[in-house]
Every structure is written in structure tokens, then in C-alpha cells.
Amino acid sequence: MEKIANLLATLGDKVGLVEKVKDWKEAVRLSGEFLLKDGCIEPRYIDGMIKTCEKLGPYIAICPGVAIPHARPEDGAKGVCLSLLVVKNGVIFGSHNDPVYVLIAFSTPDKKSHIKVIQELAKLLMEKSRELVEYLKKAKSEKEIMKIVEKISS
Amino acid sequence: MERRKPLKIVCICGLGIGSSFILAETVRKAVKEVEINARIEVADYSSSVLADADIYVTNVSFYEKIKERKPHAKIIVVTDYTNHKYIASELRKILSL
């Protein structure tokens, strides 16, 4: 598979692992916290992410087990940023692709800066989404998550 | 089926910055598999302007809306935005390949 250098570099160590969440809102909020900690979004972007999910409905879960919560650039995005949250018990979005175990949140300050990263993400998911979800579900630590992503994408 | 112009395929979903780009990559791969000459675009759904396309690729929620505006449109509906094989087989059906 082609190298996904941009994806891994942008993700960095913004990965998290939780056993379970109350509902999809909590999952989205948690995934957004990583973007906030990194300084690439304003706090209101997280509210934007929740609103976007409400607007897009279940379609934020784009393939089996995976959702990509995000908001618009004008909702407080300061840079291109990516995070990955694993919810071991899964979370329901009301989609054919439920339960969601992997939330990949992102931000972009405009409609173009994130394209390379999103294209790499698309290629990864196209080829390895099933594998990715299967392994990430069983991860026991954030470190393991990073190892899994690196291994599957190489 | 001979085509002089490339087929115009428009991907429509959500905000047009995340899922649409992912869908576009999947369509790109499907187009390669089917070996056709196509131009792939990403568009927001807007109630005032709907981009003209030979084929739309979208999710269930936009299907009805697009069908209403363009009753003769060819629309591929997807639930898995990464399933290029499904899109390739739908393209073959539409193009009678």
C-alpha cells in the first residue's frame, strides 16, 4: 500500500481508547477533545461537530465500524488536525454501519488544506477498514492503537 | 458504448468536505476498475442548484431529493463509502458493460 505519511504525521499521538460511552454525542465530544488539546480547534468546534452529526444523521458513519465526525471550517477550525478514538463496546449512530468502534475526527481551516490527508484516509479505509476495526477493537492501550495504525497502513 | 466526452460523476453527501472526498476516492478506484473515461466531482447538495451529472453517487438521504429534481438521473446509492467493488458493479449495470 502507498505510504500514508501525511495521515500518520497529522494523527501523531492524538489517539484515545475508552471502554464505552453513554451515546454517540459523548463519543464525538471525546474525539473532539483531542483536536482541542492539540490547539487546532476552538472549543466551539466540538459543538459544531455535534451539530454536524445531528444534521448528517447516521451518514457520519461512513463504513462498517467507522465514523468521521467533523464540522465546517467556520465552526472554529484553526488547522488541519486528526484524532482517532476507539470505543471498545461500540456506539450506535443509527446507521447500517453500526456499531461504530472507531471515530476519526478531523478539522480543516478551509475546503482544501485537508484534501491530501482525507485522500490517504480514504485509501486506507478502502483497503483496510475491516482489518483496522477488528484490530483496534481489541487494543489495550493508546500505544497499541498507534502501532496497529502504523502496521496496517504500511 | 462509445463516449466522446468523459462521463461526469458527481458525489453528493453532507458538507462536501469529508465524506464526499472519501466517496470520490472510492468512485475514482471503481472507475479505474471499470476502465471508463470519467470526470469525478464533489458537490454540496443545495436546494437551489444541483450540479448536472451523468451519474450521481450519494447516500439514501439525498436519493429522494435528487430524484425529485432530476427524475431521469442515474443514481448510485451507497451505505459503505469505501466499497469500490459495489460502485464498480453498479457502474457496469448503468453503462451496460
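One pairing to look for is V10(B), whose bridge partner in strand 3 of chain B is Y56(B).

Before going on, some housekeeping. This is a predicted model, so local features need pLDDT of at least 70 and side-chain atom pairs count only at pLDDT 80 or more, while totals for chains, interfaces and linings use all residues. Residues are numbered from 1 along each chain as its sequence is written, and chains are lettered from A and ligands numbered from 1 in the order in which they are written.

Let's stay with chain B. It has three helices and four strands; helices here are DSSP runs of H or I with at least four residues, strands are runs of E with at least two, and both are numbered from the N terminus. Reading from the N terminus, the elements go β-α-β-β-α-β-α. The radius of gyration of chain B is 12 Å, close to the 13 Å that the globule rule gives for 97 residues, so chain B is as compact as a globular protein of that length. (That radius is taken over C-alpha atoms, and the rule is 2.2 Å times the number of residues to the power 0.38.) The C-alpha trace of chain B spans about 35 × 25 × 20 Å along its principal axes.

Now the sheet. The four strands of chain B make an open sheet, ordered 2-1-3-4, with parallel pairing; to pair, two strands need at least two bridges found by DSSP. Strand 2 (38-43) and strand 4 (74-77) of chain B are at the edges with a single partner strand each, so one side of each has no neighbour in the sheet. From one strand to the next, the twist averages 25 degrees.

On to the helices of chain B. Helix 2, residues 60-69, lies across strands 1, 3 and 4 of chain B, at about 170 degrees to strand 4 of chain B. Angles run from 0 to 180 degrees between N-to-C directions, and axes are lines fitted to C-alpha atoms, for helices over the stretch in contact. Helix 1 and helix 3 (residues 84-95) of chain B have axes that come within 8 Å and cross at roughly 55 degrees. That makes helix 1 of chain B oblique to helix 3 of chain B (under 35 degrees is roughly parallel, over 145 roughly antiparallel, 65 to 115 roughly perpendicular, and the rest oblique). Residues of helix 1 of chain B in this contact include V27(B) and A30(B), and those of helix 3 of chain B include I87(B) and L91(B).

What about chain A? Its open sheet has five strands in the order 1-4-5-3-2, with mixed pairing. Its edge strands are strand 1 (15-18) and strand 2 (61-63) of chain A, each pairing on one side only. Strand 4 (residues 81-91) and strand 5 (residues 100-107) of chain A pair antiparallel over seven bridges, and L82(A) sits opposite F106(A) in strand 5 of chain A.

Last, where the chains meet. Here 18 residues of chain B are in contact with 24 residues of chain A, contact being C-beta atoms, placed from the backbone, within 7 Å. Helix 1 of chain B, residues 19-34, gives the most to chain B's side, with six residues.

Conventions:
Contact = placed C-beta atoms within 7 Å.
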